[in-house]
Amino acid sequence: MDSEDRSLLDRIAGGGREALRRFYERHAPGLFRFALARLGDPYGAEDVVQETMLAVWQGARSFKGASRVTTWLFGICRNKVGDHLRGRETPTAPESRMAEAGWQNRPEPAPMDFWTAFRALKEDHQEGFLLAFHYGFSREEMAAILGVPVGTVKSRMYHARRLLRELLDKGCGQGGRGRVG
Amino acid sequence: MGERVDGCAEILGFLPWVVNRTATAAEILIFYGHAAACTACRRELAATLAMAQRLRTEVGALAAAAMAGAPAGAGVRPGWTGLARRLPPGELLPSDIVRRLVPWCEAAGLPERIGDLLRLAMDPPTTLGSAS
């Protein structure tokens with residue numbers, strides 16, 4: 001899979017729009033889920049996907065091949081999520097935002113209110129959870145994506161795991177919106 | 001079997017990557033060797049597996065709802081078309097050309113040419129002028 005991604009990136013670096021289209025089709029769904037979980041806003045998540053892909057289009061030459069393409073790609077995506085979060089009000093639980101926007105067929109609220117508990121974590125803890133447990137990145141890949149040492153990743157994950165477990169065990173977050181950790 | 005044995009903190013430091021299967025083989029062996037004698041770490045493993053599964057389920061449900069339940073005309077997931085509009089002008093892609101020509105072939109009563117167009121899109125010539 002990575003060799004095909006590298007081949008596509010080479011062609012994107014040479015101005016290949018068809019290669020970008022194929023790259024988009026391969027990665028947009030995964031990036032969308034990551035951004036949606038972080039932002040809770042489908043419109044914002046799609047904006048992040050598009051901004052990420054534009055950055056790929058403009059910066060494909062900067063990929064040096066030192067990591068997997070997906071590691072490089074998620075590094076861009078998490079920065080775009082950060083840009084988006086800095087440009088808007090306090091994030092709310094995904095279900096709430098989707099309901100506000102008129103979304104239908106949204107999932108029934110889980111008994112433990114998972115998203116409220118998840119959002120109560122610090123942002124770097126949320127990122128860690130998604131990268132490790134939804135996308136299956138290794139410690140080293142997570143360190144590259146997050147731009148921190150491996151030791152920091154391990155420490156964040158240790159605390160994030162403990163905090164989310166406590167919150168879910170308590171059925172948390174039904175009240176305040178404060179961050180923990 | 002003890003409640004907790006020495007080395008739990010170090011062992012739990014690589015638990016997330018035991019769960020997502022990117023830990024090294026040596027770490028996995030060390031972890032399960034430790035957990036066999038440590039009830040607390042077995043509980044941590046079970047809880048982390050459950051959290052990871054729940055995260056995947058919740059994210060999947062959220063994404064499915066976003067794709068299936070978007071209000072009419074919401075414009076979410078404009079996809080490639082939306083992205084292509086934001087790119088600087090460039091040459092037409094073979095797939096764009098095919099998309100434009102298929103309705104023309106149908107209207108002209110030449111449906112057999114659609115197959116040729118699809119083959120062209122799958123294996124585009126270096127320059128379109130060389131297409132036969």
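Is Arg43(B) buried or exposed? Arg43(B) is exposed, because 12 other C-beta atoms lie within 10 Å.

## The model

This is a predicted model, in which local features need pLDDT of at least 70, side-chain atom pairs count only at pLDDT 80 or more, and totals for chains, interfaces and linings use all residues. Residues are numbered from 1 along each chain as its sequence is written, while chains are lettered from A and ligands numbered from 1 in the order in which they are written.

## The two chains

Chain A has 9 helices and 0 strands. Helices (H or I, at least four residues) and strands (E, at least two) are DSSP runs, numbered from the N terminus. Of the 181 residues in chain A, 49% are buried. Among its contacts with a separation of 6 or more, 64% are between residues 24 or more positions apart. Two residues are in contact if their C-beta atoms, placed from the backbone, lie within 7 Å.

Chain B has 7 helices and 0 strands. Buried residues make up 17% of its 132 residues. For chain B, 50% of the contacts between residues at least 6 apart in sequence join residues at least 24 apart. Arg43(B) is in helix H4 (residues 39–68) of this chain. The C-alpha atom of Arg43(B) is 12 Å from that of Cys8(B), and the two residues are 35 residues apart along the chain.

## Nonpolar cores

A nonpolar core is a set of buried Ala, Val, Leu, Ile, Met, Phe, Trp, Tyr and Cys residues joined through C-beta atoms within 7 Å. The largest one has 56 residues, and Ile12(A), Ala35(A), Leu36(A), Val56(A), Cys77(A) and Leu164(A) have the most contacts inside it. Helix H2 (residues 17–39) of chain A gives the most to this core, namely 11 residues. A second, separate core has 11 residues, including Phe14(B), Leu15(B), Trp17(B) and Cys41(B).

Leaving out residues up to four places away in sequence, Leu164(A) touches Ala117(A), Phe118(A), Leu121(A) and Phe129(A), as well as Met51(B).

## H2(A) against H4(B)

The axes of H2(A) and H4(B) are 10 Å apart, and the helices pack at an angle of about 100 degrees. Axes are lines fitted to C-alpha atoms, for helices over the stretch in contact, and angles run from 0 to 180 degrees between N-to-C directions. The two helices are therefore roughly perpendicular to each other. Angles under 35 degrees count as roughly parallel, over 145 as roughly antiparallel, 65 to 115 as roughly perpendicular and the rest as oblique.

On H2(A) the contact is made by Phe32(A), Arg33(A), Leu36(A) and Ala37(A), and on H4(B) by Val59(B), Leu62(B), Ala63(B) and Ala66(B).

## H7(A) and H8(A)

Helix H7 (residues 123–134) and helix H8 (residues 139–146) of chain A have axes that come within 11 Å and cross at roughly 135 degrees. That makes H7(A) oblique to H8(A). The contact involves Asp124(A), Glu127(A), Gly128(A), Leu131(A) and Ala132(A) of H7(A), together with Met142(A), Ile145(A) and Leu146(A) of H8(A).

H8(A) has these buried residues: Arg139(A), Glu141(A), Met142(A), Ala144(A) and Ile145(A). Their cover includes helix H4 (69–86), H7 and helix H9 (150–170) of chain A, together with helix H2 (15–19) of chain B. Just after H8(A), Gly147(A) has a positive phi of about 70 degrees.

Technical notes:
Buried ≥ 20, exposed ≤ 12 C-beta atoms within 10 Å, placed from the backbone.
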